[in-house]
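I opened this notebook to record what I looked up in the structure. The entries follow the order in which I took up each topic.

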Amino acid sequence: MDAKTNAPSADLPEQIAPEAVAPEAGRARRRLIGIATLLSIPILLYMGLVFAPEDAQQGPAQRIFYIHVPAAWIGFLAFFVVFVASIALLATGKRRYDDVAAASAEVGVVFTTGVLITGPLWGRPVWGVYWTWDPRLTSFMMLWLIYVSYLVLRGYVPEPARRARYSAVLGIVGFLDVPIVYLSVRWWRSEHPGQIVFERDGMPAEMLVSLLVGVAVFTLGYLYLMSLRLRVGRLRDRAEEEVAA
Amino acid sequence: MTWLGSAATIAGKDLRLELKTRDVVASVGLFVLLVVVTASFAFPTTGEGREAVAAGVLWIAFLFAALLGMGRSMAIEKEESCLEGLLVSPAPREAIFLGKLLANLGFTFAVELLILPVFVVLLELRVAGAALLVLSAFLGTLGIVTVGTLFAAMAVNTRGREAILPLLVMPIAVPAMIAAVETTEAALTGAWTGGTTSWLLLSAGYDALFLMVAIATFPHVTEE
Amino acid sequence: MGRAPALAIRLRAVSKAFGAQRALDRIDLDIPAGSYVAVMGANGAGKTTLLKVIAGLAVPTDGSVTIAGVEMKRAGPGLRALVGFVGHESMLYPDLTARENLTFHARLFGLTDPGGAVGQASRLLEVERILDRPVRALSRGMRQRVTIARALLHDPAVILFDEPFTGLDEAAALSLSGILERLNTPERVLLVTLHDVARALSGPQRLVVLSSGRVVLDTAIHGSDEDVAATYLGLLRSEAVRR
């Protein structure tokens, strides 16, 4: 009788103290980005409120543009990251891509919410209405809805591997949908009032610089929030594993 | 067995099931009728420009009908792990998707064709372009059902079951809906412009794109 | 159709993991034709995952699964034609008759003579009488027989049963044991997962025990084997102590 017994006592669970796993380099990098973000915010405030010239037609309310547009860029960038990470997850099956996608979706929804709040705040004093079904803002509302449905879906799937795959599929479909949404809404409605960003020659240099500073600051903010969120995700995963074991 | 063969076998099975139970068509058909009737009370569907409102009402009804049908169709596969029965067969996953898509499309479109005449009569519409009406219904439905079948396969495996399906589909389906409403309105008023052609192309393009994406990603939804 | 060479199933370093969670952990298994194997282990040990990987329902994250000399990675859909899978649920549409269900699956498996295959399988499982009744109206035992018939339609070389004895009364369990014995031929491989040690020892010739995704016991069984039972129970106890 051949009995092969591989008693499981040989493999000890890899119990490593959290501090040891969190590499010092990671924490230092996070702090650096966080400080950079914090320091750059006053710079943006100065650029947006003081440095940039006041818009002749729209008045001071136009200055919200220096937050609104960067937030929009980052909201879109975050979703692009979700898209790429989703493809990577389906292609490789590696968990870290799901972590990145989930983090970027959560951070992205924050920025997109900012777009949807600053949009009406800008619209009311300048054009008299809180909401027009203008293509860009409407597309951002749809982007926001897709983000939210992505996060809700994740909440409804408890098993990690399946949750990752399902989210990835939604992330891919959702991202490909956004430009089509924009196109269809644009055909359906008139143009975004004052397409400032694309008329480069129409915008004074100071405005452009301020806008770019805004984009840079918001990108730093995105990276900082991402790194925080990824860390929280790792800690949460480890806690779940220890509960399950 | 070929792709199409497997897909046809699966769609055929759905048809046979439906003929026996009349589960989907009955509940969906009745639902669409109720939506149309209720909306006729709620919205101004008389007078000038009523075609625009009518088109919107119609497509909301069609959307909900499609969602209901697709949810039921996948729930049937979830019961008794029947989907697993499909997955252990040599049929390629893409063919399984295609089979379910064809079944969903067939049922939803059949309900739509039945409801359209009722709708036209109830709202006293004149149909300027019947062919355009049918075409716009087909293209729009194909778009909704393509995305919906993919998401339904996911939805039935979540905590909320089919209930989460509308939340997943509706944001994604917006372009298809806009295009469908525009072309349906044109079909009712007879005002076919260059814009209408653009809308039809958008609808077709949407369908083609998401059909490819769905076929590519469906295996990831069904594999473990 | 379903004829396999001497070595029917081979698993090499098969893992199924997502992040740190491992359902299967570097599994090596050789299962020759003619084997009748009982697979046991605690819930979550990986029994169902192991079966699903062989059936092509789950894709391993590492390693290779080979059936009849062909790697699954290369020939997935075709290899599924060699495998019959009987899971926890019946995989039958309750509103269709047994015959309609079986004919559907026969067509799905690309069989050229669906009617003949249905007839043959239903004779083997003795369900001819109830073929034209809706599955919804069948008793549990009959439903299981039709489920097994479904898995046998394409005459597979490998038949997998995932906890088929669960929920059966003694008479039905004995009947099922008899069916399994009849299915155990030199050309086929039977893999059956179960919880009951006594069941595992009466019928199967080999016992594989999984724990946390690893094979911890792989032994032949000869008749009523007290030594094997003792080893298995010892393993269970040691695991209980570990927790």
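This is a predicted model: local features need pLDDT of at least 70, side-chain atom pairs count only at pLDDT 80 or more; totals for chains, interfaces and linings use all residues.

**Entry 1: chain C.** I counted the secondary structure of chain C and found eight helices and 10 strands. I then asked what box the C-alpha atoms of chain C fill. Taken along the principal axes, the box is roughly 50 × 40 × 35 Å. For a compact globule of 243 residues I would expect a radius of gyration near 18 Å; chain C has 18 Å, which agrees. I looked up burial next, and 48% of the 243 residues of chain C count as buried. Finally, I took the contacts in chain C with a separation of 6 or more, and 68% of them join residues 24 or more positions apart.

**Entry 2: chain B against chain C.** I found 22 residues of chain B in contact with 28 residues of chain C. On the chain B side, α1 (3-21) and α4 (82-87) each supply at least two residues. The largest share of that side comes from α1(B), with seven residues. I sorted the side of chain B that touches chain C by class and recorded nine nonpolar, six polar and seven charged residues.

**Entry 3: two helices within chain B.** I examined α3 (residues 50-78) and α7 (residues 165-189) of chain B, whose axes come within 8 Å and cross at roughly 140°. Are they parallel, antiparallel, perpendicular or oblique to each other? An angle over 145 degrees would count as roughly antiparallel; α3(B) and α7(B) are therefore oblique to each other. I noted that their crossing is right-handed.

**Entry 4: chain A against chain B.** I found 25 residues of chain A in contact with 24 residues of chain B. On the chain A side, α5 (135-156) and α6 (160-188) each supply at least two residues. I asked which helix gives the most to this side of chain A. It is α6(A), with 15 residues. The side of chain A that touches chain B divides into 19 nonpolar, three polar and three charged residues.

Technical notes
Residues are numbered from 1 along each chain as its sequence is written. Chains are lettered from A and ligands numbered from 1 in the order in which they are written. Two residues are in contact if their C-beta atoms, placed from the backbone, lie within 7 Å. Helices (H or I, at least four residues) and strands (E, at least two) are DSSP runs, numbered from the N terminus. Ala, Val, Leu, Ile, Met, Phe, Trp, Tyr, Cys and Pro count as nonpolar, Asp, Glu, Lys and Arg as charged, and the others, Gly among them, as polar. Axes are lines fitted to C-alpha atoms, for helices over the stretch in contact, and angles run from 0 to 180 degrees between N-to-C directions. Angles under 35 degrees count as roughly parallel, over 145 as roughly antiparallel, 65 to 115 as roughly perpendicular and the rest as oblique. A crossing is left-handed if the near helix is turned anticlockwise from the far one by less than a right angle, and right-handed if clockwise. The radius of gyration is taken over C-alpha atoms; the globule rule is 2.2 Å times the number of residues to the power 0.38. A residue is buried if 20 or more other C-beta atoms lie within 10 Å of its own, exposed if 12 or fewer, and partly exposed in between; C-beta atoms are placed from the backbone.
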